[in-house]
Amino acid sequence: MAVNLGSRRVMEKCGLRFVRAFHHDWPEPIPGSEHGEVEYALTRADWEAGPAATG
């Protein structure tokens, strides 16, 4: 969820990189979902390079 800044920060500190923000119509939306969702990813190259490469 885009508004969950704590979760987003943890993913960044773990080396994941922001991919995109998007909106999805959920059957039972929860509060905050109207602000959209975010996707993070970790590439094989970043994983193999280790923590020094991600900052």
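Helices (H or I, at least four residues) and strands (E, at least two) are DSSP runs here, numbered from the N terminus. By that count, the protein chain has three helices and two strands, and they run α-β-β-α-α from the N terminus on. Keep in mind that this is a predicted model: local features need pLDDT of at least 70, side-chain atom pairs count only at pLDDT 80 or more, and totals for chains, interfaces and linings use all residues. Residues are numbered from 1 along each chain as its sequence is written, and side-chain values use heavy atoms, leaving out hydrogens and water.

**Overall shape**

- The radius of gyration of the protein chain is 13 Å, whereas a compact globule of 55 residues would come in near 10 Å. That radius is taken over C-alpha atoms, and the globule rule is 2.2 Å times the number of residues to the power 0.38.
- Along the principal axes, the C-alpha atoms of the protein chain fill a box of roughly 40 × 20 × 15 Å.
- Of the contacts in the protein chain between residues at least 6 apart in sequence, 50% link residues at least 24 apart; a contact means heavy atoms within 4.5 Å.

**Surface and charge**

- Buried residues account for 18% of the 55 in the protein chain. Buried means under 20% relative accessible area, exposed over 50%, and partly exposed in between (1.4 Å probe, protein chains only).
- The protein chain has an accessible surface of about 4400 Å², with 57% of it belonging to carbon and sulfur atoms. These areas come from the Shrake-Rupley method with a 1.4 Å probe, and for residues only the protein chains shown count as cover.
- There are 6 positive and 8 negative charges in the protein chain, and their mean positions sit 11 Å apart. Lys and Arg count as positive and Asp and Glu as negative, with His and the chain ends not counted; each charge is placed at NZ of Lys, CZ of Arg, CG of Asp or CD of Glu.

**The aromatic pair**

- The structure holds one aromatic pair. Phenylalanine 18 and tyrosine 40 make it, edge-to-face, at 5.7 Å centre to centre with 75 degrees between the planes.
- Phenylalanine 18 belongs to strand β1 (residues 17-22) and tyrosine 40 to strand β2 (residues 37-41), so the pair ties together parts 22 residues apart in sequence.
- For the cut-offs, rings of Phe, Tyr and Trp (its six-membered ring) pair if their centres lie within 6.5 Å; planes under 30 degrees apart are stacked, over 60 edge-to-face, and the rest tilted.
- Tyrosine 40 is buried at 11% relative accessible area, while phenylalanine 18 is partly exposed at 44%.

**Residues along the chain**

- Arginine 44 sits in helix α2 (residues 44-49) and is exposed at 64% relative accessibility.
- Lysine 13 is in helix α1 (residues 5-13) and is exposed, with 62% relative accessible area. Lysine 13 and proline 51 are 38 residues apart in sequence, and their C-alpha atoms are 9.3 Å apart.
- Asparagine 4 is in the segment before α1 and is partly exposed at 38% relative accessible area. Its C-alpha lies 10 Å from that of serine 33, 29 residues away along the chain.
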